[in-house]
Amino acid sequence: MSTDFTPPPMPGYGPPVPPPPVPPRKSRTALIAVAAAVVAAAVSALITAGVDGDAEAKPAPTVTVTKTAAADDGAEGTGEDATAADDDAENADAADEADSGDAADEDGVYALDDTAVYEPDTEVALFGLKRSVTGEYAEPENTPYLKFTVKVKNGGKKALDVTQLTVNCSYGQDGKSSDSVFDSDAGLDGGPETKLLPGRSLNVPWGCELPKSEKLVQIEVSPDFDSDASIFTGTVG
């Protein structure tokens with residue numbers, strides 16, 4: 001009997017198992033894209049929840065963009081600047097015209113429908129200008145003349161002596177003197193014979209010769225001896 005003994009083979013564990021494969025690394029670009037998609041989905045969900053929920057959706061804030069342009073020293077202004085310049089020019093013209101009107105008033109010359117103002121607040125004006133012819137008992141008789149009313153208003157604090165009222169007329173380009181008309185039938189009896197109290201006004205009918213062929217008239221009125229004459233001038237029909 002042989003003494004050689006061969007031990008039985010050890011139980012095996014099978015063929016070696018290869019190591020698991022390493023998963024490929026995702027690129028940074030792919031990660032950024034995934035993150036952006038997640039953020040967009042979250043924002044969309046929040047907006048949907050805000051609209052569908054009980055809370056009222058708020059409007060997006062308004063952004064105002066202001067554009068500032070620096071102009072060169074020699075560059076032309078913008079349209080608004082040009083408009084402002086035009087307005088300034090028109091205002092200057094209006095001021096010049098107003099100054100011209102004031103200068104005319106200071107000279108004592110007025111249109112027939114203007115009002116002359118004296119200090120303290122005495123006003124003189126003409127109205128009711130119309131042509132007429134005197135009667136046979138008038139002075140002068142049967143003469144064409146211009147009838148009008150002189151209105152004097154006392155805006156001062158003292159009585160005004162309107163018995164000193166004077167009215168002188170002329171007509172034509174050469175300024176021919178025109179005599180006053182006295183006609184009782186037409187109410188032309190001359191100037192007033194009373195004083196004018198403060199706050200009151202007085203209407204004085206007056207008439208001056210005016211040939212039918214003449215249209216340009218000049219009427220000078222002084223409310224009293226201490227006041228300069230106001231010159232009313234213009235044409236009548």
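Select C208 to begin: is C208 buried or exposed? With a relative accessible area of 3%, C208 is buried (buried means under 20% relative accessible area, exposed over 50%, partly exposed in between, with a 1.4 Å probe and protein chains only).

A quick note before moving on: this is a predicted model, so local features need pLDDT of at least 70 and side-chain atom pairs count only at pLDDT 80 or more, while totals for chains, interfaces and linings use all residues. Residues are numbered from 1 along each chain as its sequence is written, and side-chain values use heavy atoms, leaving out hydrogens and water.

C169 and C208 form a disulfide, with their sulfur atoms 2.0 Å apart (the cut-off is a pair of cysteine sulfur atoms within 2.5 Å). The torsion about the S-S bond of C169 and C208 is about 55 degrees, so this disulfide is right-handed. It links distant parts of the chain, C169 in strand β5 and C208 in strand β7 (residues 201–209), 39 residues apart. Strands here are DSSP runs of E, at least two residues, numbered from the N terminus. Searching the whole structure turns up 1 disulfide. C169 counts as buried too, at 9% relative accessibility.

Next, pick residues 166–171, which make up β5, and residues 216–222, which make up β8. β5 and β8 run antiparallel, joined by 6 bridges (two strands pair if DSSP finds at least two bridges between them). Across from C169 you'll find I219 in β8.

Last stop: β9, residues 230–235, pairs with β8 in the antiparallel sense over 6 bridges.

How values were computed:
Helices (H or I, at least four residues) and strands (E, at least two) are DSSP runs, numbered from the N terminus.
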